[in-house]
Amino acid sequence: MFNIKLYNNIAKIGLDEFTDQYKYGEDIENEDAILVRSANLHDLDYNPNLKAIARAGAGVNNIDIETCTKKGIAVFNTPGANANAVKELVFAGLLLASRDIYGGISWAKSQTGNENLAKDMEKQKKKYAGNELKGKSLGVIGVGGAIGRRVANLALRFDMEVYGYDPFMTVDAAWSLSRYVKHEKEIEGVFKNADFITIHIPQNEKTMNTINKDTIAQMKDGVKILNMARGGLVNEADMLEALDSGKVACYVTDFPTPKLAAHPHCIPIPHLGASTAESEENCAVNAANELMNYLEYGNIVNSVNFPKAEMEWNDAFRVTILHENKPKMISKITNAFADTNNIENMVNKSRNDIAYTMLDLSDRPNDEALKTMETIPGVIRVQTFYKK
């Protein structure tokens with residue numbers, strides 16, 4: 001039996017994925033795994049039995065990744081599960097930024113009781129006239145991601161010219177991106193060419209303040225910027241200054257601060273990017289399946305701190321070892337079984353300083369061999385699996 005502790009309301013369709021081998025709830029103790037949406041887990045006292053945390057969503061800023069890695073806790077997210085929801089909100093933002101729909105609606109709602117509304121509308125509407133998206137240029141920072149690709153491809157159907165930048169573009173991502181997207185090798189190409197810029201990258205130490213005073217200076221006068229990714233990607237003080245000067249004509253953000261929300265040229269959205277019933281269900285289903293795949297088979301898919309590692313299971317027993325990525329670790333691990341077990345199949349994958357080795361054995365792993373493996377310097381966690 002596996003114990004899953006829930007934080008936040010998780011869509012029932014996701015919880016229904018769990019088989020009768022799983023017990024889940026908010027009051028679970030000694031949990032094997034955690035399933036969370038947005039609850040802050042940074043101050044969590046991790047119990048020694050905790051093996052995995054799955055975030056039903058893409059961002060993992062609410063999880064202490066460094067501590068989890070040191071303790072051998074796999075952290076999963078669900079990239080792509082909310083991509084369509086965010087893509088649609090981006091286009092709502094593009095339209096709001098291009099035409100002053102927001103201002104027009106606000107004026108119309110203020111006219112309660114105005115018996116001359118029909119006549120006044122004809123006079124007032126010129127104040128909210130805007131521009132069409134057709135023929136304008138859109139720069140997509142992070143065009144190789146699940147959201148960025150969808151935004152870029154859809155923008156072409158709006159007859160926009162699209163510039164994309166992503167230094168980590170994969171082959172699979174390139175195949176799903178339209179050949180009509182202009183691929184910029186440097187981010188400066190997006191800054192100088194785009195009438196609209198939308199950002200779709202993770203927030204980390206390297207990407208914080210990607211949009212700042214210096215990068216804004218490289219953009220067109222009157223550029224319109226959209227941020228549906230993470231608030232820290234845009235420097236607040238620099239954005240406020242650019243809005244005041246008119247260098248940035250409009251800032252649409254899903255992560256408003258009090259100062260930004262009050263600015264007349266900012267369109268604040270209350271973090272609605274993934275807030276659709278479909279998105280929440282997709283995220284919950286994917287997160288539940290990632291946990292089951294890991295807890296039952298040791299397979300790692302969509303982890304943000306461990307390498308991707310999968311192996312078809314044909315034998316009765318499996319041992320997985322999370323360890324430091326350094327020389328001679330594989331030989332030390334396999335030597336632990338040299339006199340007791342035959343290794344039928346093996347996978348070893350690495351990610352930066354962390355490596356993960358999967359061993360399939362035809363016989364039950366020797367207890368002494370497991371103890372020896374756990375004492376090898378650099379080994380973080382050893383897990384055993386038995387085929388039912």
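Author: Patches are made of residues with over 30% relative accessible area and no salt bridge; like charges are joined within 9 Å, and nonpolar side chains (Val, Leu, Ile, Met, Phe, Trp, Tyr) within 5 Å. A salt bridge is a side-chain nitrogen of Lys or Arg within 4 Å of a carboxyl oxygen of Asp or Glu. Accessible areas come from the Shrake-Rupley method with a 1.4 Å probe, and for residues only the protein chains shown count as cover. The model is predicted: local features need pLDDT of at least 70, side-chain atom pairs count only at pLDDT 80 or more, and totals for chains, interfaces and linings use all residues. Residues are numbered from 1 along each chain as its sequence is written, and side-chain values use heavy atoms, without hydrogens and water.

Reader: Which residues form the nonpolar patch on the surface?

Author: L95, I101, I105 and F158 form it, with about 310 Å² of accessible area together. L95 lies in helix α3 (residues 83-98); helices are DSSP runs of H or I, at least four residues, and strands runs of E, at least two, numbered from the N terminus.

Reader: Is L95 buried, partly exposed or exposed?

Author: Buried means under 20% relative accessible area, exposed over 50%, and partly exposed in between (1.4 Å probe, protein chains only). At 35%, L95 is partly exposed.

Reader: Where is E31?

Author: E31 sits in the loop between β2 (22-25) and β3 (33-36). E31 is buried without a salt bridge, and K5, the nearest side chain of opposite charge, is 4.9 Å away; here Lys and Arg count as positive and Asp and Glu as negative, with His and the chain ends not counted.
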